[in-house]
Amino acid sequence: MALRKIRSEKLSDTVAKQLESYILEGVLPPGEYLPAERDLAQQLDVSRPSLRDALQKLEAQGLLETHQGGGTLVKNFLGPSLTNPLTAIFQNHPDTVNDFMEFRAISEGNAAYYAAQRATDADREILTACITAMDAAHEKGNLELEASIDADFHMNIAEAAHNVVLLHVIRSLVEVLKKGVFLSRKQLYTHQGSRDRLLAQHHAIYDAVIAGKPDEARQASQDHLAYVQQAIRDLEREDHRIEVSKRRLERFMEKQRKVKKN
């Protein structure tokens, strides 16, 4: 019988694979700086030359980005390739908001479903801390902070689903939202009655995930996004009414100026 020889893997390859897993699983998210080389080598219990070799390999793969004198950070390797073209399309075709929200409902609804099935104690602790922070921001009336925590909450749900494809797709969707293509989260939170409804909807998702009820978690997520979609429509109509009223006011004032001249 012909058997293959067992080849030992280089330490730097092992280190590279470990860091690659952390990036893939979201433990090291895009934009996060790695610890200083000496500290990271100590944490991984490897030599600095082996670590340096591993980092160079990951940089060549497009997963890391090194800044001279500024450290090494996790590159947003998927985001720009997906979000930049989407952002351009959405800006030129605002009617695609419905398609975008439908896709969010599918992806985030399934993320909530799997999170309810797969969330670990650590995941539940993160979600509890997040919803508690959201409650505190809501109580203080801090719209900007509450909107920021909203984005974090959706990412925490995606992480708790333990599906790396869903995780990175949802991260890209959140990045599109942060660019304010349709509306800013702050705008959504200023919509009449939205703050209380959004908080209740986030609690419904949280409660279902924590209770381990996948069907309820998915439904709560989809109900939340259906509400957001309707709120976007309402805000667009309101913006249109305001714009029309401004034009009417300009015309009225112009007529008044002409009357005064005569």
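**Close-up views of the predicted model**

The structure, a predicted model, holds two cavities of 30 Å³ or more.

**View 1. The second largest cavity and its lining.** The volume of the second largest cavity is about 60 Å³. Its lining is formed by E108, A111, A112, F153, H154, I157, A158, I205 and S221. By residue class, this lining comprises six nonpolar residues, two polar residues and one charged residue. Helices α5 (97-118) and α7 (143-160) each contribute at least two lining residues, and α7 contributes the most, with four.

**View 2. The largest nonpolar core.** The largest nonpolar core contains 29 residues, and L127, F153, I157, I170, I205 and V209 have the most contacts inside it. Two or more residues of this core come from each of α5, α6 (121-140), α7, α8 (164-178), α10 (194-210) and α11 (214-261). Helix α7 gives the most to this core, namely seven residues. A second, separate core has 16 residues, including A16, L19, L40 and V46.

**View 3. The surroundings of F153.** Apart from its neighbours within four places in sequence, F153 is in contact with L127, C130, I131, M134, H202, I205 and Y206. F153 is among the residues with the most contacts inside the largest nonpolar core, and F153 also lines the second largest cavity.

View 4. Side chains of opposite charge can pair when their charged atoms come close. The structure holds 10 salt bridges. In one of the salt bridges, the side chains of E108 and R104 meet at 2.8 Å, N to O. Both residues belong to helix α5 and lie four residues apart, about one turn of the helix. E108 counts as buried because its relative accessibility is 4%, and R104 is likewise buried, with a relative accessible area of 4%. E108 is also one of the residues lining the second largest cavity.

**View 5. The salt bridge between K10 and D53.** K10 and D53 form a salt bridge in which the closest N and O atoms are 3.7 Å apart. K10 lies in the segment before α1 (11-24) and D53 in helix α3 (residues 48-60), so the pair ties together parts that are 43 residues apart in sequence. D53 has 25% relative accessibility and therefore counts as partly exposed. A network of salt bridges links K10, D13, D53 and K57.

**View 6. The salt bridge between E37 and R48.** The closest N and O atoms of the salt bridge between E37 and R48 are 3.0 Å apart. Because E37 lies in helix α2 (residues 37-44) and R48 in helix α3, the pair ties together parts that are 11 residues apart in sequence. E37 counts as partly exposed at 23% relative accessibility, as does R48 at 35%.

Conventions
Residues numbered from 1 in each chain as written. Predicted model: local features only at pLDDT ≥ 70, side-chain atom pairs only at ≥ 80, totals over all residues. Heavy atoms only, no water. 1 Å grid on protein atoms, 1.4 Å probe; cavity = no way out; pocket = protein on both sides within 12 Å on 5 of 7 lines; lining within 4 Å. Points joined across faces, edges and corners; volume = space filled by probe spheres on them. Nonpolar A, V, L, I, M, F, W, Y, C, P; charged D, E, K, R; others polar. Core = buried A, V, L, I, M, F, W, Y, C linked by side-chain atoms within 4.5 Å. Buried < 20%, exposed > 50% of the residue type's maximum accessible area, 1.4 Å probe, protein only. Contact = heavy atoms within 4.5 Å. Salt bridge = Lys/Arg side-chain N within 4 Å of Asp/Glu carboxyl O.
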